[in-house]
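Colleague: I have a model open and would like to go through how its parts meet. Can you take me through the contacts?

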Amino acid sequence: MKKFAYFPGCSLEKMASSYHKSALETTKAYDIELQELDDWNCCGATTYFHVDQLLAHTLVARNLALAEKERLDLVAPCSACYKNAFFTNKVLKDDPDLAEHINFALEEDDLQFNGEIDVHHLIEIFANEVGPDMLKKKIKNPLKGLNIAAYYGCQIVRPRKNGEEIENPQYFEDIISAMGAEPTYFPERLRCCGGSLIMTSREAALDMVRILLQSAEKNGAHVIATACPLCQVNLECYQEQVNEEFGTDFKMPILYFTQLLGLALGLSPKKLGIGIELVSATPVFSKLLPKEAN
Amino acid sequence: MSVQFEPVIVGFLCNWCSYRAADLAGTARIKYAPNLRPIRVMCSGRVDPQFVLKALLNGADGVLIAGCHPGECHYVNGNIKALRRFLLLKKTLAQWGIEEERVQLLWASASEGIYLAEKVNTMTEELRALGPLRWHDKVLGGNGAQPIPVKEV
Amino acid sequence: MNDTKSPLEHEEKVGVYVCHCGTNISKVVDVDDVAKWAENNPHVEISREYKFMCSSLGQELIEQDIKEKGLTKIVVASCSPHMHEGTFRTATENGGLNPFMFEMANIREHDSWITDDEEAATQKAKALVNAAIERVVHHQPLEEIPVEINPNTLVVGGGIAGITAALELADGGNHVYLVEREPSIGGHMAQLDKTFPTLDCSACILTPKMVDVDHHPNITLLTWSEVEKMDGYMGNFEVTVRKKARCVIEEHCTGCGICIEKCPFQVVDEVFEAGMGKRKVIYRPFPQAVPKYPVIDKENCAFFLKGTCKACEKFCPTEPNSIDFEQEDEILKLQVGNIILATGFELFDVKRIPQYGYGKLENVFTSLEFERMVNAAGPTEGKIVLRDQKSSPKSVAIVHCVGSRDENYHKYCSKVCCMYSLKFAHLVHERIPDAEVYNCYIDMRTPGKGYEEFYDRLLKEGTNFIRGKVAEVTDSARTAEEEGKLIVQVEDTLIGRQRRVPVDMVILSPAIEAQPDSKEVSQLFKMGCDFEGFFIERHPKLDPIATMTEGIFIAGACQGPKDVPDTVSQGAAAASRVASLISRGTVMMEPIRASINEDACSGCKICNNMCPYNAIEFIEEDGVSRVVTALCQGCGTCVAACPSGVITGAHFTNDQLISQIEGLLWDMRELEPVPAGKEEKK
């Protein structure tokens, strides 16, 4: 049983609670234990780093120090949390002076950052730790007949973290294939969903969402799979506003990859938080081919 | 009367790359620590580890061996042989309690005058902080010199 | 190694000369003090300071002193030996001593020029001078080794660089072997349609030269051949060349081409046609190929694969038949005096930048593919068409700097792409008069003769220039006008806006790279290539055609990206250098070599494998190793490696270097323990 320090992040508490549920369910199925970090704090999201870098790093460093205390690598399901944690970890590892400075603050909480752990995105765990072959082994209901578009979003690929391939990644599509579904390639899969722009510059963000939906739909997707709460919210919750703004008629279900994986594992939709979406996920079920006896 | 300690570094510079880099630093009038006293060899592969020991024995506080970048050695791979000898030498020196900053190996191509100057400056400061070597006391006098663990390269 | 030095055979009388170099040295170093101080050294007979040692008077001073004062060794403390070692060795020789009885102390580049601290500089100068004195007393007389130059030359690579070099040498009456790995000479230039800025037809200017090579009595042309090994040294190389089997007997073949006509099998021509067209399995790369003899592509030939067909043989009209399926590779051993490498370049693999869509999006082309397309003798007979072979593009985007000037791939600028990208723009305008052409560039680099004027012409032809690095080429249409098009997303930095430019065709201008095997080739010829794979020249400014290895020269794009005029110049320059060596007939080699004391050698053979030049052989009968003097390049690695210390590195002996170390540290007292509390060395 592989154990990780689980950092859900603020959005998984309520808004993306289905991600949280499905993440725990699916990792359990693959013998991965996600131990929620005790007393974790907000990662600062995308905004705080632009306000005060030092404080923002400190905020993240506290979570890293908490994970270090448990001697566990940190896993974040949200791309922004992941990005913040990854880079703070890297920056502090490369700059011992800054780390020392921040440790003064962490001292107050009896914590220390020592650069002893690594940071992963939840999807990395499935792609690397588990791997597509092992993923396939536990699939009970392969999602045959379903075209799932793998939407990476931007913060998971950019900036480049480990020297990996960022112009043409395939790991998300591999996971979808392992689920038994058809991974739908769409050219905008690495583009930004608008992120927090949806609050500050609505029209620009809605246009970005529209482009994504249009591209996925055009390429035959039945559902878009995401790996980040903000991507999911932008694509799903604002679909109606996109339709209003641009006169389109999108009804594209947006689900977390863990929810889809959970379905393939034979878990009940309720357990995976399916059923509370603003854009109904019913098409997902109707597109699935009838389960073959076996 | 306190005089700032000026470390003396004996440098083995190869004719084709690092010696030319040092020349270039001079031609470009780059000011750097005058603590390096260069010796020209045709290739860093000529540097016998016993030269290094001789220099330290005769009072040098540090030794710098500088050759061409791997792949660029005028004599194909003399620098790689220098590297092999250097790695073994490091272990030996550590066993005598000689700090690893004292004997260093670096690569500098003929165009890297600034880089070489910077490295000499850095090494000078490192040695200044360590103080004079005093080989006789340290190694021959058995003055409580402890072997230093060597980081695996 | 013996730590004790050999005693001096006789008393030495060293002359020391400390140069002011105007004020270059004397401004910081107290030259008077140094000169006076040097007198204290027991070996020193006379010590002077002088304003300009390298002047005629300065040199004469040395000569005079040697004669009048019976000096045995000379030390000059001045600039870098790379400047004037030659000058002072000559002066020493003119004074009557062996030129190697001389040593230089570099107190300028390594001392006065690098510090303002006068005290420290003077102290350092003393150390350097003392080191030179202590070293020089151990110098032995050495004689330069005369080497005869074999008048044959090997030129590797039959592109325009190699062709130029070969012709220049051959016209001068010298014999040249021209080795080319493809079936025909011509290189990349043969693939081009028009050359910038004159828009000369490439084949028209190249083929006459190829014909000259073909007919030249002084050129032995070896195509479909590769160099496998090189032994020897400057003036006397032995090069092993594999002449691959063409399966065509050159003595009988008339070049009629019937075999090619009758061959029933075709394959995609990945080399000459850049994948844009096909060729037969028995083929000539292009109609004007030199030599005219075809070649059988064994990997795709029905006979070699399945034992069938043989149409070429059946239809060959010559008597006896020119086709020979049994033909074997021939191994030739060439004796040459000098070698010119002109192995050319390859293009950057644009698939490494997936966001430009090459390979995924149909109508994205590389420059070489487009070049073949516009060539009148090419696969589309010069028509600019999309991959469907019929539709003409109404809009074309040309992307500059694909892989060049890019931290992720190659930092350098490939020099020729701006010009050929402009050429492409011109050709599109010419053949599709109302097409829209977009050149997306970072900077427009047009430095050559007529180049800027060419750019101006393109501006007037109505080309759209977008100054911005293309971010992406995609087919993901967002508006109706983008449907079915390739969209080039680029920031137009001159108007400060992102643009999505819908076009029908995209041409990528990839970086010029060194040949993929340039590292192996450089090792084969015992010279070096840099991290980008380009061969390293002896001096980037003053000697771009020689390498650090005597007798090996370079010309053309293998040294770095360049256009045709520069390539031709370099080829001719390399030829001229070689010709001058050949006309001298004999060259003197530096005597800095290793030698083994065979009486003391224990035959451990550790040195044998150390030598990168394989210059050490083991003599079985005597059980000792021996250095082949002519092959030894003097690196000294074996000297350092010998566990018995029996290898002497001439002019860099252990005695000399140890003395140098001792002399350098004259002001350090460490052989006796320092009493605690005593002030440190000054």
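Modeller: Let's start where chain A meets chain C. This is a predicted model, and between chain A and chain C there are six residue pairs in polar contact, both residues being at pLDDT 80 or more.

Colleague: What is the make-up of the side of chain A that touches chain C?

Modeller: That side has six charged residues, three polar and three nonpolar.

Colleague: How many salt bridges are counted between chain A and chain C?

Modeller: Three salt bridges. In one of them the side chains of A:Lys218 and C:Glu483 meet, at 3.3 Å from N to O.

Colleague: How much area is buried between chain A and chain C, and what do carbon and sulfur atoms give?

Modeller: About 930 Å² is buried there, and carbon and sulfur atoms give 34% of that. On the chain A side, A:Glu167, A:Arg191 and A:Lys218 lose the most area to chain C, together 44% of what that side buries. A:Lys218 is also the residue in the salt bridge with C:Glu483. As for residues in contact, chain A gives 12 and chain C gives 12.

Colleague: Now chain C and chain B. How many residues are in contact?

Modeller: 59 residues of chain C are in contact with 59 residues of chain B. The buried area between these two chains is about 5,300 Å², with 59% of it from carbon and sulfur atoms.

Colleague: And how many salt bridges across that interface?

Modeller: Three. B:Arg37 and C:Asp667 form a salt bridge through their side chains, at 3.0 Å from N to O. The polar contacts between chain C and chain B come to 19 residue pairs, with both residues at pLDDT 80 or more.

Colleague: Which helices of chain C supply at least two residues each to the side that touches chain B?

Modeller: Helix H3 (81-94), helix H4 (108-112), H5, H17 and H18 of chain C. The largest share, seven residues, comes from H18(C). Overall, the chain C side divides into 29 nonpolar, 15 polar and 15 charged residues.

Colleague: Back to H18 of chain C, then. Why is helix H18 described as largely enclosed by the rest of the structure?

Modeller: Because 10 of the 11 residues of H18 (654-664) of chain C are buried. Among them are C:Leu657, C:Ile658, C:Ile661 and C:Leu664, along with C:Asp655 and C:Gln656.

Colleague: What do the buried residues of H18(C) pack against?

Modeller: Elements of two chains. From chain B there are strand E1 (9-14), strand E2 (36-41) and helix H2 (49-57). From chain C there are strand E4 (102-106), helix H5 (118-136) and helix H17 (637-641).

Terms used
Residues are numbered from 1 along each chain as its sequence is written. Chains are lettered from A and ligands numbered from 1 in the order in which they are written. This is a predicted model: local features need pLDDT of at least 70, side-chain atom pairs count only at pLDDT 80 or more; totals for chains, interfaces and linings use all residues. Side-chain values use heavy atoms; hydrogens and water are left out. Contact means heavy atoms within 4.5 Å. Buried area is the accessible area (1.4 Å probe) that two parts lose on being put together, summed over both. A salt bridge is a side-chain nitrogen of Lys or Arg within 4 Å of a carboxyl oxygen of Asp or Glu. A polar contact is a pair of N or O atoms within 3.5 Å; within protein, one must be able to donate a hydrogen and the other to accept it, and residues adjacent in sequence count only if both atoms are side-chain atoms. Ala, Val, Leu, Ile, Met, Phe, Trp, Tyr, Cys and Pro count as nonpolar, Asp, Glu, Lys and Arg as charged, and the others, Gly among them, as polar. Buried means under 20% relative accessible area, exposed over 50%, partly exposed in between (1.4 Å probe, protein chains only). Helices (H or I, at least four residues) and strands (E, at least two) are DSSP runs, numbered from the N terminus.
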